[in-house]
Amino acid sequence: MTHNDHSHNHDGTQPHRGVSAVVAKEDGGFVNPGLPPHEYRQSDLDPKAERRAEKMVAGMFILSIIGTAIFIASYFLFTPMGFNLLAESKTLQAVKWSNLFTGIGLAVAMFFIGAAAVHWAKTLMPDHEVTEERHIYSRTNPVREEASGIIVDGLDESGVARRPLIVASMVGALAVLPIAVLFPISTLGPLPGNKLHHTFWAKAKKEPLRIVRDHDNTPIKASDVTVGSIFHVMPDGLTHENNEHDFLEQRAKAAAVLVRIDPADAKNQESLSNGYEGILAFSKICTHVGCPVALYEQQTHHMLCPCHQSTFDVTDGAKVIFGPAHRPLPQLPIEVDDEGYLVATDDFPEPIGPSFWNLHKDK
């Protein structure tokens, strides 16, 4: 072969499009080896072997179903915080047995679905080596029909239509596996309902609720609050004795701060009217990610969240003037009772803390 004739085979013939020119072995090249002879599998030659392979694939799908059943049963028979066959409830042993059996069940379910698919492909699906030239396909009807014919032929060759045992077991395995996900969801506990929209202060709707100091639960008189001061407060009656089951949760949501400004400095008259003579109460929970807003600048009347520096202007209804928060701090409506003590007359007008998808949905 000459340098100028490098695009032809040694015998002068033109190589197929997309195939490199083949040089004869005696001229330093090699002969195109082609494809090796096809080796037939035992299931291709023996109907009994084919039937065995089909039963094995179906058996693996059935084992997957059994694994899912083990997972579901274990979820109820080996509960860490409840009934447990092998250990005392609420112990590390109960957690160990729960994790062990549910893990085994889920592992068996997932493993045998994959193993069945692999064994099906290796023993029953066609494995003939096929080569074809690549053509530029145009969007003509004959080409589309040819493409759809290839898909139909592939389905026929896979034997799905003539292997009902495999299909039935596969459908069963894939149908019951999602149940393993649904069962844990069903035991996550009751839906929150409107709990995210209300706090312990909601009791003030029935009767004014005194505002007390956080550290000693003593009530606060209006005369105790001076301009520039800040009080960390809680609702009266929020004690561990009265709220054994959700004491910490209620405290976390009810936390508030009490400040006093000169009414002449107020920029938001609606916010001022919800207070008493410049005394204002706001949620202590940042509307960004829920950190405690506890830093108060007396001169500017700004409250600062120490986590991400969201800054709220108390004189303007605690609106955000800096930082990643997107909502003002919810304000607690207050007044004084007959003895001069500060009381709340209602709950926060909207949910406290970080936003969520149905934040402004009526409850």
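Here we take the labels one by one and set each value against its definition.

Modeller: First, the ground rules: this is a predicted model, in which local features need pLDDT of at least 70 and side-chain atom pairs count only at pLDDT 80 or more, while totals for chains, interfaces and linings use all residues. Residues are numbered from 1 along each chain as its sequence is written, and side-chain values use heavy atoms, with hydrogens and water left out.

Biologist: Let's start with the sheet; what makes β3 and β4 a pair?

Modeller: Two strands pair if DSSP finds at least two bridges between them, and strands are DSSP runs of E with at least two residues, numbered from the N terminus. Strand β3 (residues 256-260) and strand β4 (residues 279-283) have five bridges and run antiparallel. Within that pairing, Val 257 stands opposite Phe 282, and Ala 256 has Ser 283 as its bridge partner.

Biologist: And how do you know that β4 pairs with β9?

Modeller: Two antiparallel bridges join them, and at least two is what the rule asks for. Phe 282 has Gln 331 of β9 as its bridge partner.

Biologist: What makes Ile 279 buried or exposed?

Modeller: Buried means under 20% relative accessible area, exposed over 50%, and partly exposed in between, with a 1.4 Å probe and protein chains only. Ile 279 has 0% relative accessibility, so it counts as buried. This residue lies in β4, where five of the five residues are buried, so the strand is largely enclosed by the rest of the structure.

Biologist: Now the aromatics; why is the pair of Tyr 75 and Phe 76 called edge-to-face?

Modeller: Rings of Phe, Tyr and Trp (its six-membered ring) pair if their centres lie within 6.5 Å; planes under 30 degrees apart count as stacked, over 60 as edge-to-face and the rest as tilted. Here the centres are 5.8 Å apart and the planes are at 80 degrees, so the pair is edge-to-face. Ring pairs link Phe 71, Tyr 75 and Phe 76 into a cluster. Tyr 75, at 23% relative accessible area, is partly exposed, and Phe 76, at 40%, also counts as partly exposed.

Biologist: How do you know that Lys 96 sits over the ring of Trp 97?

Modeller: The test asks for NZ of Lys or CZ of Arg within 6 Å of the ring centre and within 35 degrees of the ring normal. The charged end of Lys 96 is 4.5 Å from the centre of the Trp 97 ring. Lys 221 lies over the face of Tyr 341, at 5.3 Å from the ring centre.

Biologist: Last one: which residues lie nearest the centre of the largest pocket?

Modeller: They are Glu 270, Asn 274, Gly 317, Gln 331 and Pro 349, out of 14 lining residues. Gly 317 also belongs to the hairpin of β7 and β8, where it takes a positive phi near 70 degrees.

How values were computed: 1 Å grid on protein atoms, 1.4 Å probe; cavity = no way out; pocket = protein on both sides within 12 Å on 5 of 7 lines; lining within 4 Å. Helix = DSSP H or I, 4+ residues; strand = E, 2+ residues; numbered from the N terminus.
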